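Please view the sequence and the model before reading on.

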Amino acid sequence: MSGLRITGAEVFVVPAGAQRQPVLRLHTDAGVTGVGEAAVGFAIGALGAAGMIEDLVNHLILGQDPFAVEHLWQEMYDHSFWAKGGGSVTYAAISAIETALLDIKGKALGLPVYELIGGKCRDTLRTYCNGWSFTARSADEFADAARRVIDQGWTALKMYPLANPKSAGDDFTTVRHVSGRHLERADADLAVARVAAVRRAIGPDVELMLDVSGEVTPGDMIRLAHRFAEHDILFLEEPSDAMDPAGIRRVRDNVPMPIAAGERVTSRYGFRQLFEHEAVDIAQPDLGNTGGILETKKIAAMAEAFNVRVAPHICGGPVLNAAGLQLSASLPSVLIQELYPFRHPDHFAYVDRAPELDVRDGMLAVRDEPGLGIALRDEVVARHRRAVCGRV
């Protein structure tokens, strides 16, 4: 036992362009604090996650030993009731708390988190660029945007061939996906033209990934994927609904490219379904909604047993990127990790140094500072504090 006790917590919902980042800071009686973040900031769910963090802290975390990370995770799993059965909001809150506990433990021991979970397998991590195409609509606009990314040194990028900007002209917009799984022939043709234009623009040596976000039926996806295949795709992401591992397996059995999925799957129990169906070649757990760093480490170990690679999904803010860097440093089977370098400036402003700002030629150096190696900027987050639990 550490002798430390959790005395309080602050829950923030930080606006950053089109996103709202649910961020947690746990406090201890020794003055050591830890930060975590829930991975539901980019769509709908941030306020729900913030509320769930508050509830879990008040009912299960206050007064506890922050070093007892596994025990506290099990307490949240067993006694939140809703964790048994899944749910992104519940697991996003658990993830934020578990990450903050590990941050405290690392700081108290003077060790980076990767040393607490097995040590380093690498000093640098390869990442791929996402979010670069959110204002593009035509094939030529996609190609122009891709060239700008490659000119910055990136060697891998991911695009959404079926999605369209929500608002034209907004440099920090988000995209709107297909509704009702309905795909017109003209939309399919445009998607194929976009992929072809990007491949021509980036050349043969840059890795290209396609994310279709479970937007269409397996049958339509199979037909469309065969048209994508000639463009040397590293992986096709979420080719069917995330709740339908059998549908994803159907696509995998019928297309000539690796299949990836997992960003909307929570915990090792959810990933068990993907692995037992042999649905994916590449697992994409997001530590901000799977249950945290240790839970994602367990998912990666399961993936190894099924001969599946891991490409961690990260679409949240800089706290999650710092946590992902620590996690991936410790994983032997990482293929590549996601990164969004083109967010609204507010996205990077609420921490002392966002990892996204340190990428060089698509590579990130693993941070060796104690804990996650990142801290909140009080002058920014204080304006967005949503709840206080206990004493801070």
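This is a predicted model: local features need pLDDT of at least 70, side-chain atom pairs count only at pLDDT 80 or more; totals for chains, interfaces and linings use all residues.

Residues are numbered from 1 along each chain as its sequence is written, and side-chain values use heavy atoms, with hydrogens and water left out.

Across the whole structure, a search finds nine aromatic pairs. Rings of Phe, Tyr and Trp (its six-membered ring) pair if their centres lie within 6.5 Å; planes under 30 degrees apart count as stacked, over 60 as edge-to-face and the rest as tilted. Two of the pairs are tabulated here.

| Pair | Centre to centre | Angle between planes | Class |
|---|---|---|---|
| F81 and W82 | 5.0 Å | 85° | edge-to-face |
| F271 and F275 | 6.0 Å | 40° | tilted |

F271 and F275 are both buried, that is, under 20%. These two residues lie four apart in helix 9 (residues 267–276), so about one helical turn separates them; helices are DSSP runs of H or I with at least four residues, numbered from the N terminus.

Ring pairs also join W73, Y77 and Y269 into a cluster.

The charged end of R343 sits over the ring of Y340, 3.8 Å from its centre; this requires CZ of Arg within 6 Å of the ring centre and within 35 degrees of the ring normal.

The structure holds zero disulfides, defined as pairs of cysteine sulfur atoms within 2.5 Å. For C315, the nearest cysteine sulfur, that of C129, is 14 Å away. C315 is buried, at 4% relative accessible area.

Conventions. Buried means under 20% relative accessible area, exposed over 50%, partly exposed in between (1.4 Å probe, protein chains only).
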